[in-house]
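Please look over the structure shown here before reading the notes.

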Amino acid sequence: MDAAKPCAHDHAHDHPHGHAHGGTVVGPAEHADGAPAVSLRNVSFSYAETPVLQDVTLTIPRYELACLIGPNGGGKTTLFNLILGLLIPDRGEIRVLEQAPKKARGRVGYVPQHFHFDPQFPIRVEDVVQMGCLGPDWWFGPPKAEARERVGRALADMGLPDLRRRAFRALSGGQRQRVLIARALASDPELLLLDEPTANVDPLAEEDIVEHLDMLARRLTVVMITHRVHTVSHFLKNLVCVNRTVHVHPATERLDAHVLEHMFGKVCAVSAAAAPQPLGSAKGPS
């Protein structure tokens, strides 16, 4: 993996919640004791001799919906793997739900970017979602009654209660993606990580997914990675640029040149009238 360049514009002085090598995502609510959902302090990680993340400091409060943006190779998926405890940082400290990442893993739901399945295999929607019930406490899954309840609740959360017995292969791309999110929700997570959940869906399906994630953020913390400009437009209050370092982008009301540059790692032509307007401490999308 090529080493990515740090973000070109880190306007720490423009906004109290963003700075060059870290920051805090502004959130409407935190845990009773003030502990965040995710905390990284001075974290660095390299693959062999190639640095991927350097001196990352980031705090994500509980019950927040945050969006990670940045160019390919910037370290977004690596950051997720560190939060999941699948990778160990070269230095620095990571706390997830007040625990070390590996210990917290059972409290975290994860939706990977790619899901491979045999379209000829006769698996139903409820079977896919029930996979999310497996975990360290239940190697063979929870009791049947509890599993059915979890599956039903997860499908309802994603607006799919009537598709429980539908063949997974018969679903549209957007429906499949919502089923995969429901699979992650079946474990009753406190933190949900999604890697490019809207990458292969049409705009209407994208709107539907974002709407459901917004509702989920009322009871758990949701963090997603995206390259989709339309998706990013929903998260202008809580954007985190990951490009070797981490920069919490100042809250803004419009998709401006700085946001696009952080997404794609290059300057994008946007009208000067679209300059960012700092909004101070603001609530996420509602």
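The model is predicted.

**Backbone angles**

- Most residues other than glycine have a negative phi.
- Asparagine 42 has a positive phi, near 55°, and is a residue other than glycine.
- Asparagine 42 belongs to strand S3, which covers residues 38-47.
- With a relative accessible area of 34%, asparagine 42 is partly exposed, because partly exposed covers the range between under 20% (buried) and over 50% (exposed).
- Tyrosine 63 is not a glycine either, and its phi is positive at about 60°.
- Tyrosine 63 is found in the loop between strand S4 (50-60) and strand S5 (65-69).
- The relative accessibility of tyrosine 63 is 30%, so this residue counts as partly exposed.

**Aromatic pairs**

- A pair of aromatic rings is described by the distance of the centres and the angle of the planes.
- How many aromatic pairs does a search of the whole structure find? There are two.
- Phenylalanine 45 counts as buried at 6% relative accessibility, whereas tyrosine 47 counts as partly exposed at 33%.
- Phenylalanine 80 and tyrosine 110 form an edge-to-face pair, with 6.5 Å from centre to centre and 80° between the planes.
- This pair links distant parts of the chain, as phenylalanine 80 is in helix H1 (residues 76-83) and tyrosine 110 is in strand S7 (residues 108-111), 30 residues apart.
- Is phenylalanine 80 buried or exposed? Phenylalanine 80 has a relative accessible area of 0%, so it is buried.
- Tyrosine 110 has a relative accessibility of 28% and therefore counts as partly exposed.

**A charge over a ring**

- Over the ring of phenylalanine 168 sits the charged end of arginine 176, at 5.7 Å from the ring centre.

**A pocket**

- Rolling a probe the size of a water molecule over the atoms shows where empty space is left.
- The volume of the second largest pocket is about 250 Å³.
- The second largest pocket is lined by 15 residues, and those closest to its centre are Phe115, Gly173, Gln177, Leu180 and Asn200.
- Which kinds of residue make up the lining of the second largest pocket? Eight are nonpolar, five are polar and two are charged.

How values were computed:
Residues numbered from 1 in each chain as written. Predicted model: local features only at pLDDT ≥ 70, side-chain atom pairs only at ≥ 80, totals over all residues. Heavy atoms only, no water. Helix = DSSP H or I, 4+ residues; strand = E, 2+ residues; numbered from the N terminus. Buried < 20%, exposed > 50% of the residue type's maximum accessible area, 1.4 Å probe, protein only. 1 Å grid on protein atoms, 1.4 Å probe; cavity = no way out; pocket = protein on both sides within 12 Å on 5 of 7 lines; lining within 4 Å. Points joined across faces, edges and corners; volume = space filled by probe spheres on them. Nonpolar A, V, L, I, M, F, W, Y, C, P; charged D, E, K, R; others polar. Phe/Tyr/Trp six-rings, centres within 6.5 Å; stacked < 30°, edge-to-face > 60°. Lys NZ or Arg CZ within 6 Å of the ring centre and 35° of its normal.
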